[in-house]
Amino acid sequence: MNILLITKEDSLIKEAKAAYSNTDELAVFGDWKTALERCKGAELMIVDLISTLKTPNRIDGYEEFAAAKMGHPAAGEIPLVLIAPPEDYDLDSMVGWPDFVFGHVRRPVTMKIFRRISTW
């Protein structure tokens, strides 16, 4: 499976590489705009919500990402799994669009959880 991960968090990158290095193709991006530019061929997109934020605790960066993904000719069709912020992380709001998120996981995301994600 060709998996695209958007995150800036080293621990998530480490766990994803451990999960997918032997069985899948993983591309990791810290910047979602670059990820969308290079998403052709991806079969699954995993996004760390915190890594989409422009300003900590403000959801507008995630909203910008979501609108760009939905409007992108290739990325718009890729199923998205969202990695939630920690339970104690305050967001100013949370939005949702019908059928935008294929799956949702809570932290901590371990190698075992990344493996499960790829089987959904």
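Reader: How many bridges join strand E4 to E5, and what makes them a pair?

Author: In this predicted model, three bridges join E4 (residues 80–83) to E5, and the two strands run parallel. Pairing requires at least two bridges, so E4 and E5, with three, count as paired. One of the contributing positions is Ile83, whose bridge partner in E5 is Val105.

Reader: What makes E1 and E2 a pair?

Author: Strand E1 (residues 2–6) and strand E2 (residues 25–29) share five bridges in the parallel sense. The requirement is at least two, so E1 and E2 qualify as well. Ile6 stands opposite Phe29 of E2.

Reader: Why is the unit of E1, H1 and E2 called right-handed?

Author: E1, helix H1 (residues 10–20) and E2 make a β-α-β unit, and its hand is right. The term applies because, with the strands pointing away from the viewer, the path from the first strand over the helix to the second runs clockwise.

Reader: Where does this unit sit in the order of elements?

Author: The run from the N terminus is β-α-β-α-β-α-α-β-β-α, with five helices and five strands in the protein.

Reader: What is the strand order in the sheet, and which strands are the edges?

Author: The sheet is open, with five strands in the order E2-E1-E3-E4-E5 and parallel pairing. E2 and E5 (103–105) are the edge strands, since each pairs on one side only. On average, neighbouring strands are turned by 20° against each other, direction ignored.

Reader: How do you know that the radius of gyration agrees with a compact globule?

Author: For 120 residues, the rule puts a compact globule near 14 Å; the protein has 13 Å, which agrees. Along the principal axes, the C-alpha atoms fill a box of roughly 40 × 35 × 25 Å.

Reader: What share of the residues is buried, and what share of the contacts joins residues 24 or more positions apart?

Author: Buried residues make up 41% of the 120. Among contacts with a separation of 6 or more, 64% join residues 24 or more positions apart. The accessible surface comes to about 6700 Å², and carbon and sulfur atoms account for 50% of that area.

Reader: Why is Ile113 called partly exposed?

Author: Ile113 has a relative accessible area of 22%. Buried would mean under 20%, and exposed over 50%, so Ile113 falls in between. Ile113 is found in helix H5 (residues 111–117).

Reader: What does Ile113 touch, leaving aside its neighbours within four places in sequence?

Author: Ile113 is in contact with Val105 and Pro108. The C-alpha atoms of Ile113 and Leu5, 108 residues apart along the chain, are separated by 14 Å.

Technical notes: Residues numbered from 1 in each chain as written. Predicted model: local features only at pLDDT ≥ 70, side-chain atom pairs only at ≥ 80, totals over all residues. Heavy atoms only, no water. Helix = DSSP H or I, 4+ residues; strand = E, 2+ residues; numbered from the N terminus. Rg over C-alpha atoms; globule rule 2.2 N^0.38 Å. Buried < 20%, exposed > 50% of the residue type's maximum accessible area, 1.4 Å probe, protein only. Contact = heavy atoms within 4.5 Å. Areas by Shrake-Rupley, 256 points an atom, 1.4 Å probe, with all protein chains shown as cover. Axes fitted to C-alpha atoms, helices over the stretch in contact; angles between N-to-C directions.
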